[in-house]
Amino acid sequence: MSETTTAPPLAWSRAFPATAAQVREARRFLAQILDGRPAADDVILCLSELVTNATVHSRSRQPGGIFTVRTEIRDGCIRVEVEDQGGPWTVPTPGDEQHGHGLHIISQLARTWGITGDSDIGWTVWFEADGL
């Protein structure tokens, strides 16, 4: 009888101060993990949208606020999560030229994505992508 074993996922996690400058640092963090893999550009763009949302739209933007990036790679798939410190979730209004494009970009580039949490404990927005 043959047993199939699956390797445990590779996982990383890092908290960042929720400032505009740290969006770039979060991209660098993920770029080092992906190290030029085929889907790296799309995955980094998706991450950039999520961390920007955390620094602009959540309670994380308040003094001392943070966001956390968690990444897991398993079987050629990557899952990226960005956790913020909560706050009201607002759906962008049609015609708003300044906001609302980030989640649309993610929906086009990622295999799947979603949101968990609530305004009190914090939101975790995640996506999964293939091609690693």
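**Entry 1: ground rules**

I call a residue buried under 20% relative accessible area, exposed over 50%, and partly exposed in between, with a 1.4 Å probe and protein chains only. By that rule Glu128 is buried, with a relative accessible area of 17%. I note that this is a predicted model, where local features need pLDDT of at least 70 and side-chain atom pairs count only at pLDDT 80 or more, while totals for chains, interfaces and linings use all residues. Residues are numbered from 1 along each chain as its sequence is written, and side-chain values use heavy atoms, with hydrogens and water left out. For helices (H or I, at least four residues) and strands (E, at least two) I take DSSP runs, numbered from the N terminus.

**Entry 2: salt bridges**

I searched the whole structure for salt bridges and got eight. My criterion was a side-chain nitrogen of Lys or Arg within 4 Å of a carboxyl oxygen of Asp or Glu.

I looked at Glu128 again and found a salt bridge to Arg111, with the closest N and O atoms 3.2 Å apart. This pair links distant parts of the chain: Glu128 belongs to strand β5 (residues 122-130), and Arg111 to the loop between α3 (102-109) and β4 (112-118), 17 residues apart. Arg111 is partly exposed, at 46% relative accessibility.

Next I checked Arg70 and Glu83, whose side chains meet in a salt bridge at 2.8 Å, N to O. Arg70 sits in strand β2 (residues 66-74) and Glu83 in strand β3 (residues 77-83), so the pair ties together parts that are 13 residues apart in sequence. Both ends are partly exposed: Arg70 at 26% relative accessibility and Glu83 at 28%.

I also noted a salt bridge between the side chains of Arg74 and Glu72 (3.6 Å, N to O). Arg74 is partly exposed at 37% relative accessibility, and Glu72 is partly exposed at 30%.

Which residues do shared partners join into one network? I listed Arg70, Arg79, Glu81, Glu83, Arg111, Glu128 and Asp130.

**Entry 3: the nonpolar core**

I define a nonpolar core as a set of buried Ala, Val, Leu, Ile, Met, Phe, Trp, Tyr and Cys residues joined through side-chain atoms within 4.5 Å. The largest one here has 29 residues, and Leu30, Val43, Phe67 and Val69 have the most contacts inside it. At least two of its residues come from each of α1 (20-34), α2 (40-57), β2, β3, α3 and β5. I see α2 giving the most, with eight residues.

I then listed contacts (heavy atoms within 4.5 Å) for two residues. Leaving aside neighbours within four places in sequence, Val43 touches Leu30, Leu34, Ile78, Val80, Phe127 and Ala129. On the same terms, Thr71 is in contact with Leu10, Ala11, Trp12, Leu30, Ile78, Arg79 and Val80. Thr71 has its place in strand β2 and counts as buried, at 2% relative accessibility.

**Entry 4: β5 and its partners**

Two strands pair, in my notes, if DSSP finds at least two bridges between them. I found β3 and β5 running antiparallel, joined by seven bridges. Glu83, the salt-bridge partner of Arg70, has Thr124 as its bridge partner in β5. β4 and β5 also pair in the antiparallel sense, over seven bridges. Here Trp113 stands opposite Phe127 in β5, and a hairpin of three residues joins β4 to β5.

How many of the nine residues of β5 are buried? I got eight, so the strand is largely enclosed by the rest of the structure.

**Entry 5: α3**

I found Gly102, Leu103 and Ile106 to be the buried residues of α3. They cover an arc of only 95° around the axis, taken from the directions from the helix axis to the C-beta atoms, which puts them on the same side of α3. Their packing is against α2, β4 and β5.

**Entry 6: positive phi**

I keep in mind that most residues other than glycine have a negative phi. Asp35 has a positive phi near 45°; Asp35 lies in the loop between α1 and α2 and is exposed, with a relative accessible area of 64%. Asp75 has a positive phi near 50°. I place Asp75 in the loop between β2 and β3, where Asp75 is exposed, at a relative accessible area of 65%.
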